[in-house]
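Reader: Please take me through the model shown below, with the cut-offs behind each term.

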Amino acid sequence: MASAIADADAGEPRAVESEIERLRKKVENFPSPSSYARLAELLHLAKQDFEAEAVCRKCIKEFPRQAQPFVILAEIQMATGRHDAVGESLRAALERDPRHYAAARMYADWLEQRQDLSGALTQLKQILSYRPDDAQVKQRIAELQARQRAATGTAPPKSAPAMAAAPPRAAAAAAAVSDSSGSRAVPGVRRSAFELLAGESGIHVCAVIDERGEVLLARNHLARAGAEEILAAHAAAVDRALGVALRCLGQPRPSSWVLSAECGQVLAFRRQRGPLLAAFADASVRPALIELRALQALVDLGTA
């Protein structure tokens, strides 16, 4: 069964508004860290950042050992331009849960933006201590190490892969096409928000798809080659059919939809215009909890 939910760019849709109201009552009567987190994420998605931050801080006060409210608070601070505070919030999250993957990746990105490549590498290597097979993190480490060597004029170690020894321009071009995780990317696209989304637990394939159904950017965590093309073809077909059906009913094109089954689901998100971001995910993945990151990834791609 497919369900269409418009995002906050198209106004505050009833479905999201109703869920926000339900969660407001729930945290008032039966507060829990997960309910606070979901309410804060939805408020942030709806651009109600003042209330979203208040919800995060209330959760921190009532459940001081939880890491997730600090992560959401960092996302709000980043979106509202308070970049210095972002690091403090992420450090607080990692103090409470040193293995919080999203916090660790965001903190590494934050350190990199501050030109602290050594700190970012240390954080990424820490992730490998509990996720040793994370191809995304290994690729990012290789990229940062290459940048460090380029900055210092140090030659790569003899044991380094051939990619690291290639001229910087050639290495960058090759990295833009593929990496060891079976990913593909278009040159010049900032990938951090997309990688955070693709790294969420329960998401197996994630792809950005253009109007023709072509894959622009993909993460494939399955052992099955070509899974991103299968996702693109499936999501594009459903999106077109859903758009036609809604036009017949006089309704606008949906900016997000979910196709669910017992074995899993396809999630799709779009801003007002531009490409579709789709994912193959476990049935347990909550669409509302990843919608914010999906929209942030589309913002990074420069969609309207």
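This is a predicted model: local features need pLDDT of at least 70, side-chain atom pairs count only at pLDDT 80 or more; totals for chains, interfaces and linings use all residues.

Reader: How many helices and strands does the protein have?
Author: Helices (H or I, at least four residues) and strands (E, at least two) are DSSP runs, numbered from the N terminus. On that basis the protein has six strands and 13 helices.

Reader: What percentage of the residues of the protein count as buried?
Author: Buried means under 20% relative accessible area, exposed over 50%, and partly exposed in between (1.4 Å probe, protein chains only). Of the 304 residues, the buried ones make up 48%.

Reader: How far apart are the end C-alpha atoms of α3, and what span should its residues have?
Author: The expected span of a helix is 1.5 Å times one less than its number of residues. The 14 residues of α3 should therefore span 20 Å, and this agrees with the distance between its end C-alpha atoms, 20 Å.

Reader: Which residues of α3 are buried, and what arc do they cover around the axis?
Author: The buried residues of α3 are Asp 49, Ala 52, Glu 53, Val 55, Cys 56, Cys 59 and Ile 60. They lie on the same side of α3, because the arc they cover around the axis is only 155°. The arc is that of the directions from the helix axis to the C-beta atoms.

Reader: Against which helices do the buried residues of α3 pack, and which exposed residues does the face turned away carry?
Author: Contact means heavy atoms within 4.5 Å. The buried residues of α3 pack against α2 (33-45) and α4 (68-79). The face turned away from that buried side carries the exposed residues Phe 50 and Lys 61.

Reader: Which side chain of opposite charge is nearest to Asp 49, and with which side chain does Asp 49 make a polar contact?
Author: A salt bridge is a side-chain nitrogen of Lys or Arg within 4 Å of a carboxyl oxygen of Asp or Glu; Lys and Arg count as positive and Asp and Glu as negative, while His and the chain ends are not counted. Asp 49 is buried and has no salt bridge, the nearest side chain of opposite charge being Arg 82, 7.1 Å away. A polar contact is a pair of N or O atoms within 3.5 Å; within protein, one must be able to donate a hydrogen and the other to accept it, and residues adjacent in sequence count only if both atoms are side-chain atoms. The polar contact made by the side chain of Asp 49, at 2.4 Å, is with the side chain of His 44.

Reader: Where does Lys 47 lie, and what is its phi?
Author: Most residues other than glycine have a negative phi. Lys 47 lies in the loop between α2 and α3, and is exposed, with a relative accessible area of 56%. Although Lys 47 is not a glycine, its phi is positive, at about 65°.

Reader: With which residue does Arg 24 form a salt bridge, and how many residues apart are they?
Author: Arg 24 forms a salt bridge with Glu 51, with the closest N and O atoms 2.8 Å apart. This pair links distant parts of the chain, Arg 24 being in helix α1 (residues 14-29) and Glu 51 in helix α3, at a separation of 27 residues.

Reader: Are Arg 219 and Glu 195 buried or exposed, and at what N to O distance do their side chains meet?
Author: The relative accessibility of Arg 219 is 1%, so Arg 219 counts as buried. Glu 195 is also buried, with a relative accessible area of 4%. Their side chains meet in a salt bridge with an N to O distance of 2.5 Å.

Reader: What is the relative accessibility of Arg 270 and of Asp 239, and how far apart are their closest N and O atoms?
Author: Arg 270 counts as buried at 4% relative accessibility, and Asp 239 counts as buried at 3%. The two form a salt bridge in which the closest N and O atoms are apart by 2.6 Å.

How values were computed. Residues are numbered from 1 along each chain as its sequence is written. Side-chain values use heavy atoms; hydrogens and water are left out.
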